[in-house]
Amino acid sequence: MNQNEEVPDNLGGLGDLLPADVLKKVNELLEKLHQADSNHQGSIVLNIYEKGSLHVDHVDTQNFYGDVCPKSQKEKGNIDAPTLPPLLRTDKAMVLWQKAQDAGYVDANYQPLISRTQAALLADAIAERLGIKEKWKVFEGLWNRKYMRSDYNLALTRKRTLDLQDELKQLFG
């Protein structure tokens with residue numbers, strides 16, 4: 001590790017890497033993730049290994065959507081945002097999506113900005129209002145998640161998520 005205090009760019013704990021080097025490595029990683037996302041249709045498992053590491057743990061699957069990339073990339077058509085299945089593209093559904101987005105529950109690509117358990121409650125509320133019978137299959141596909149029914153059941157045991165359920169009733173009417 002560089003202990004030279006005269007070098008203002010020293011980031012103790014990151015060895016001899018300067019901020020520009022760290023940024024370059026992060027950009028390289030993001031580019032590789034973007035390429036992998038294109039090749040694997042949104043499903044990436046990332047394992048990070050570093051020379052001299054004492055312990056490297058598994059990094060959970062991460063999903064990157066259009067908001068990770070610069071706006072200019074979207075405008076050029078280089079980034080595909082997730083598309084809504086027909087059941088979630090109706091006029092009635094779009095009103096619900098807009099309300100959820102305005103409330104800060106989902107982003108512009110219909111991806112949840114809330115916890116897994118809260119997202120399961122949101123999925124249930126939307127599916128109920130749209131009469132979707134296979135709600136977990138539909139939302140697991142849209143949000144690239146598994147076990148949403150379990151997330152929903154867990155949500156029903158938590159006061160904070162039950163408060164969200166009341167908010168959703170008021171929001172969606």
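Guide: In helix α6, which spans residues 148-155, the buried residues are M148, D151, Y152 and A155. Buried means under 20% relative accessible area, exposed over 50%, and partly exposed in between, with a 1.4 Å probe and protein chains only. Helices are DSSP runs of H or I with at least four residues, strands are runs of E with at least two, and both are numbered from the N terminus.

Visitor: Why do the buried residues of α6 line one face of the helix?

Guide: Seen down the axis of α6, they fall within an arc of 100 degrees, so they line one face. The arc is taken from the directions from the helix axis to the C-beta atoms. An α-helix has 3.6 residues a turn, so residues three or four places apart point the same way.

Visitor: What do the buried residues of α6 pack against?

Guide: They pack against α4, α5 and α7, where contact means heavy atoms within 4.5 Å.

Visitor: Before we go on, what sort of model is this?

Guide: It is a predicted model, in which local features need pLDDT of at least 70 and side-chain atom pairs count only at pLDDT 80 or more, while totals for chains, interfaces and linings use all residues. Residues are numbered from 1 along each chain as its sequence is written, and side-chain values use heavy atoms, with hydrogens and water left out.

Visitor: Turning to R145, where is it found?

Guide: R145 lies in the loop between α5 and α6. R145 is buried yet has no salt bridge, and the nearest side chain of opposite charge, D151, is 5.4 Å away. A salt bridge requires a side-chain nitrogen of Lys or Arg within 4 Å of a carboxyl oxygen of Asp or Glu. Lys and Arg count as positive and Asp and Glu as negative, with His and the chain ends not counted.

Visitor: Which residues does R145 touch?

Guide: Leaving aside residues up to four places away in sequence, R145 touches P112, S115, R116, A119 and E140.

Visitor: And α3, which of its residues are buried?

Guide: A93, L96, W97 and A100 are the buried residues of α3. They cover an arc of only 100 degrees around the axis, which puts them on the same side of α3. Their cover includes α4 (116-130), α5 (135-143) and α7 (159-172). The face turned away from the buried side carries the exposed residues D91 and D102.

Visitor: What about the chain overall, how many helices and strands?

Guide: The protein chain has seven helices and two strands, in the order α-β-β-α-α-α-α-α-α from the N terminus.
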